[in-house]
Amino acid sequence: MTSTLIENAAIATVDAAGTEYARGHVLVEDGVITSVGAGGPPRRAELVIDGTGCLATPGLVNTHHHLYQWATRAYAQDSILFDWLKALYPVWAGLDADVVYATTGAGLAALALSGCTTSTDHHYVFPREGGDVFAAQVEAARAIGLRFHPCRGSMDLGASQGGLPPDNVVETTEQALAATAEAVDMYHDPSPGSMLRVAVAPCSPFSVTEDLMREAASLARAKGVRLHTHLAETVEEEEFCRERFDCTPVQYAERLGWVGPDVWLAHTVHLDDASIATLGATGTGVAHCPSSNARLGAGIAPVRALLGANVPVGLGVDGAASQEAGRLAPELRQALYFARLAGGPAALTAREALRLGTIGGARCLGREAEIGSLEPGKLGDIALWRLDTLAHAGIADPVAALVLGTEPPLAALLVAGAPVVRDGRLTTADEDALAARLTSASARLAGAAT
Ligand SMILES: [Zn+2]
C-alpha cells in the first residue's frame, strides 16, 4: 500500500456542508482519501507532508482549455473572437504532433503549478500532414501526471459553406466522426479513479455543421461519454445563430440534442432568462472562463443567475492564445471579481468561487463522486497552498487569502496521493526543458505561417 499524509494544515473540504478545519489532517491510502478531520491522523503514512502555515483544498478542476494554443500566445492582441480566430487559423494549420506534445506538456505543467489536478482539453485542429496529435497529447499528459479529459474536437463548416474557418483546417463530417469514435475506443477509461476520459466535442456553431452536431451527440451517447462545445461566447455568435438558424445559441443546442446532464458548454456569456432556465432544467454544465472573456472583450457570464438555476458551473482557463497566463488558481479571483462587477459585492463569495473551481468543475465532468472535495472515499487529489509567505501572512481566513489574495505558492500538489508538485516545483518533468521545447515549437509554427 502507498500512503501520504498531510498534517497540521488548515483544510477547506468543500463538502456539501462546507466543512473546514483550522488545523487538521488528510490521509490518502492507495490513491483514495481514507481520513480527513481536525487534529492528528488515525495512523501514520509512508510520505508525511507538514502543512503548517498551509491550506489544503481539493485539487482544482479545469473545465475548458486548448493546450495547443500555448504555441501561439500574444497573437491578435486587440481583436474580438471572430477576427482573432481568422488571424490564428492559418498559423494553427501548421500544427503537428511535435508542437502538440510540447504545448500539452507546458500547459499542463502551468496548470499543475497553479493547483490543478484534473484538466480537460479541447483540440479541434487536425491538419492532414500533422500526424497523430491526439496520441501526442495523451503521451504528454501521462508524463506530467494530471488527470486528463481530452475532448476530441472537430470542425467541418469551412468558409466556402458559410463557416468561419478556412477550408484547409476543417475535416469532412465523416472523417471527424470516425476519428472521434476511434479516439474514444482507443483511450477512454471509464473505470473508477480513471486518469483519462475522452469527450466528444465539435468546436462551435460557426465552425461545425448541424449534421456533425447531431451525429456527434448520438455517438457520445452510444459510447457513454460526455459532450462538450463552445456556446454563446460573443454577440457575433448570437447574431450568426439568429441569422442562420433563426434562434438563440441555447435554442440551437437544444434543437440538436446538445443539452442534458452529460453536456457542458464553454463560456455561455450571452444568455437570456429562458436560456438560463433551459440549462438549469436539463442539468447542462457551464465552463466559466472569465480571463479569456476579458482578453477578447466578450462580456461577463451570468454566473450568479446560473448558480441560482442550479446549473453546474466550473472554471476554465481557456486556450492560452486568449489567456496567456494559462493558470487556474487566479481564475478563482477573476470569477469573484467578474460576478461582483456585474452584480455587486454580494454576487459571489470567496467560498463560492472555490466551489466553482473544485466541485463545480467535477460536476461538469460527471466526476463529483470522485473528485472536487476532500472526503473519505474520494480520490487523493489535493492542493496544499503556502499561506505563510509575505504575500498572505497575517490573513486570518485562509480561503479568503487563497481567493482574494495573489496566487499562493504550492507546498504540494497530489494526484491520487502522489506528488506532482513539491515546494513550488514540478516533480514529474524538468520545467526548463518544457520551456525550451515550447520556445522552439512556437518559433517553428510562427515560421511556417510566414
Ligand atoms: Zn475555448
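Me: On a 1 Å grid over the protein atoms alone, a pocket is an open set of points with protein on both sides within 12 Å along at least five of seven lines. How much space lies in the largest pocket?

Reply: This is a predicted model, in which local features need pLDDT of at least 70 and side-chain atom pairs count only at pLDDT 80 or more, while totals for chains, interfaces and linings use all residues. Residues are numbered from 1 along each chain as its sequence is written, and side-chain values use heavy atoms, with hydrogens and water left out. A volume is the space filled by probe spheres set on the grid points, which are joined across faces, edges and corners. For the largest pocket, this space is about 380 Å³.

Me: Which helix gives the most to the lining of the largest pocket?

Reply: Lining residues have an atom within 4 Å of a point, and the largest pocket has 18 of them, with Phe126, Gly131, Arg152, Glu171 and Ala179 nearest its centre. Helices (DSSP runs of H or I, at least four residues, numbered from the N terminus) take part: α3 (133-144) and α4 (173-187) each supply at least two lining residues. The most, six residues, comes from α4.

Me: How many residues of the lining of the largest pocket are charged?

Reply: Ala, Val, Leu, Ile, Met, Phe, Trp, Tyr, Cys and Pro count as nonpolar, Asp, Glu, Lys and Arg as charged, and the others, Gly among them, as polar. By these classes, the lining of the largest pocket has ten nonpolar and three polar residues, and its charged residues number five.

Me: What is the volume of the largest cavity?

Reply: A cavity is a set of points where a 1.4 Å probe fits but cannot get out, and the whole structure holds three cavities of 30 Å³ or more. The largest cavity is lined by 17 residues, among them Leu81, Trp84, Tyr124, His230 and Glu233, which lie nearest its centre. Helix α1 (residues 81-92) gives the most to this lining, with three residues. The volume of the largest cavity is about 120 Å³.

Me: Which helix supplies the largest share of the lining of the second largest cavity?

Reply: The second largest cavity has a volume of about 50 Å³, and its lining includes Ala329, Pro330, Leu402 and Val403. Two or more lining residues come from each of α11 and α13 (398-404). The largest share, four residues, belongs to α11.

Me: Are α11 and α12 parallel, perpendicular or oblique to each other?

Reply: The axes, lines fitted to C-alpha atoms over the stretch in contact, with angles from 0 to 180 degrees between N-to-C directions, come within 9 Å and cross at roughly 125° for α11 (residues 329-343) and α12 (residues 350-364). Angles under 35 degrees count as roughly parallel, over 145 as roughly antiparallel, 65 to 115 as roughly perpendicular and the rest as oblique. The relation of α11 to α12 is therefore oblique.

Me: Is the crossing of α2 and α14 left-handed or right-handed?

Reply: The axes of α2 (residues 97-112) and α14 (residues 431-449) come within 9 Å and cross at roughly 135°. In α2, Asp98, Tyr101 and Ala102 are among the residues in contact (heavy atoms within 4.5 Å), and the residues of α14 that they meet include Leu434, Arg437 and Leu438. A crossing is left-handed if the near helix is turned anticlockwise from the far one by less than a right angle, and right-handed if clockwise. The crossing of α2 and α14 is left-handed.
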